[in-house]
Amino acid sequence: MAFWGTELVAGEPVTHVFGKSRGRLRICKATLGVGLAEGRSVVQCRIGDKKPILLCSLRPYNTESCSVDIEFKEEEKVTFEAIGPTTTSVHLAGFYLNNGTDGER
């Protein structure tokens, strides 16, 4: 297992590409970044050319972090994007599952 994390800023999508040597990506947490929070931030994800899927909605002083449990097995590129105020970032955290690990105990 190896840690993974990225910061999303509104209007700046982040693309993840599957790497066989790293294994599958599993995201566990989404958290508002430190800074001036002005309103709701929504995190969406798009796999390849498919329609985007909303992963979570975060609000300052209310819901500043969200547990998620999503694993990406697709070999297509996965694009994450924050939609909301440009003064607030969203951090995604997770880990890579090694090829021999299926996520079960």
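Q: Which residue forms a salt bridge with Asp-69, and how far apart are the closest N and O atoms?
A: A salt bridge is a side-chain nitrogen of Lys or Arg within 4 Å of a carboxyl oxygen of Asp or Glu. Side chains of opposite charge can pair when their charged atoms come close. In this structure Asp-69 forms a salt bridge with Arg-26, and the closest N and O atoms are 3.0 Å apart. Asp-69 lies in strand S6 and Arg-26 in strand S3, so the pair ties together parts that are 43 residues apart in sequence. Strands (E, at least two residues) and helices (H or I, at least four) are DSSP runs, numbered from the N terminus. The model is predicted: local features need pLDDT of at least 70, side-chain atom pairs count only at pLDDT 80 or more, and totals for chains, interfaces and linings use all residues. Residues are numbered from 1 along each chain as its sequence is written, and side-chain values use heavy atoms, with hydrogens and water left out.

Q: Is Asp-69 buried or exposed?
A: Buried means under 20% relative accessible area, exposed over 50%, and partly exposed in between (1.4 Å probe, protein chains only). Asp-69 has a relative accessible area of 60% and is therefore exposed. Its partner Arg-26 is buried, at 18%.

Q: How many salt bridges does the rule count?
A: The count comes to 3 salt bridges. Glu-71 forms a salt bridge with Arg-24, with the closest N and O atoms 2.4 Å apart. Glu-71 belongs to strand S6 (residues 65-72) and Arg-24 to strand S3 (residues 24-32), so this pair ties together parts 47 residues apart in sequence. Glu-71 also meets Arg-26 in a salt bridge, at 3.6 Å from N to O.

Q: How many disulfides does the structure hold?
A: A disulfide is a pair of cysteine sulfur atoms within 2.5 Å. The structure holds 0 disulfides. For Cys-56, the closest cysteine sulfur is in Cys-66, 4.7 Å away, which is too far for a bond. Cys-56 counts as buried because its relative accessibility is 8%.

Q: How many bridges join strand S4 to strand S5?
A: Two strands pair if DSSP finds at least two bridges between them. Here 5 bridges join S4 (residues 41-47) to S5 (residues 53-58), and the two run antiparallel. Cys-45 stands opposite Ile-53 in S5. The hairpin of S4 and S5 has 5 residues between the strands, and in this hairpin Gly-48 takes a positive phi near 60°.
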